[in-house]
Amino acid sequence: MHLDLVSLIVDDYDPAIAFFTGVLGFDLIEDSPSLTNDGRPKRWVVVRPPGAVTGVLLARADGSEQRARVGDQTAGRVGFFLRVDDFDAAHERLLKAGVTFVREPRQEPYGRVAVFLDLAGNRWDLLGEQTR
C-alpha cells in the first residue's frame with residue numbers, strides 16, 4: 001500500500017504546471033481531459049518529483065468556496081514537505097527561480113529545513129539531510 005496522490009487546489013492548470021515542473025523540477029505525469037461531476041470540462045493533471053511514488057493532483061478551483069482556499073489549504077501551516085538530496089543546491093536553485101522563502105535554512109533533529117511558498121502561497125518545507 002502507498003499514498004498515490006494528494007490534491008492541491010490551484011487557480012489555473014498551466015501556471016501551476018509551469019511552477020511545479022519548471023521551478024520545482026517535478027515531472028508532468030498526466031494532463032488529460034476530464035469532466036466535473038456535473039459534466040463540465042476540466043483536466044486531470046498530475047505532477048510528481050522524479051523517482052517519487054506519490055504525486056500531486058493539480059485541481060483547478062471550482063466555485064467560490066474552492067477559490068477561497070487557493071494558497072491557504074492548510075490554514076497558514078506548512079502542509080507539504082519536499083525532501084531533496086542536495087539541500088544547498090536545491091535552495092540556491094529555488095532562490096534563483098524567484099521562490100519566496102519565509103524561513104531561512106536551519107538545522108532540526110530531522111534534517112535541514114527552510115520554508116518556502118508555492119505560486120499560490122501554500123507553505124512547503126524544503127528538507128535535506130541532517131548535517132554532521
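## Surface and model

The accessible surface of the protein comes to about 7,800 Å², and 50% of that area belongs to carbon and sulfur atoms. Such areas come from the Shrake-Rupley method with a 1.4 Å probe, and for residues only the protein chains shown count as cover.

The model is predicted: local features need pLDDT of at least 70, side-chain atom pairs count only at pLDDT 80 or more, and totals for chains, interfaces and linings use all residues. Residues are numbered from 1 along each chain as its sequence is written, and side-chain values use heavy atoms, with hydrogens and water left out.

## Overall form

The protein contains three helices and eight strands. Helices (H or I, at least four residues) and strands (E, at least two) are DSSP runs, numbered from the N terminus. In order from the N terminus, the elements are β-α-β-β-β-α-β-α-β-β-β.

Along the principal axes, the C-alpha atoms fill a box of roughly 55 × 30 × 30 Å.

Of the 132 residues, 34% are buried. Buried means under 20% relative accessible area, exposed means over 50%, and partly exposed lies in between (1.4 Å probe, protein chains only). Among contacts with a separation of 6 or more, 51% join residues 24 or more positions apart; a contact means heavy atoms within 4.5 Å.

## Charges

The protein carries 16 positive and 20 negative side chains, and the centres of these two sets lie 3 Å apart. Lys and Arg count as positive and Asp and Glu as negative, whereas His and the chain ends are not counted. Each charge is placed at NZ of Lys, CZ of Arg, CG of Asp or CD of Glu.

## Helix α1

Helix α1 spans residues 13–23, and its buried residues are Tyr13, Ala16, Ile17, Phe19, Phe20 and Val23. An α-helix has 3.6 residues a turn, so residues three or four places apart point the same way. After α1 comes Gly25, with a positive phi near 85°.

## Aromatic rings

Seven aromatic pairs are found in the whole structure. One of them joins Phe116 and Trp124, which are stacked, with 5.9 Å from centre to centre and 20° between the planes. Rings of Phe, Tyr and Trp (its six-membered ring) pair if their centres lie within 6.5 Å; planes under 30 degrees apart count as stacked, over 60 as edge-to-face and the rest as tilted. Phe116 and Trp124 are both buried. Ring pairs also link Phe19, Phe20, Phe26, Phe80, Phe101, Phe116 and Trp124 into a cluster.

## His91 and Phe101

His91 is found in helix α3 (residues 87–96). It is buried, because its relative accessible area is 11%. Leaving out residues up to four places away in sequence, His91 touches Phe101, Pro105, Ala114 and Leu126.

Phe101 belongs to strand β6 (residues 101–108). Phe101 counts as buried, because its relative accessibility is 11%. With residues up to four places away in sequence again left out, Phe101 touches His91, Leu94, Leu95, Ala114, Val115, Phe116 and Leu126.

## Ala75

Ala75 is placed in the loop between α2 (64–69) and β5 (78–83). Most residues other than glycine have a negative phi. Ala75, although not a glycine, has a positive phi of about 55°. Ala75 is exposed, because its relative accessible area is 66%.
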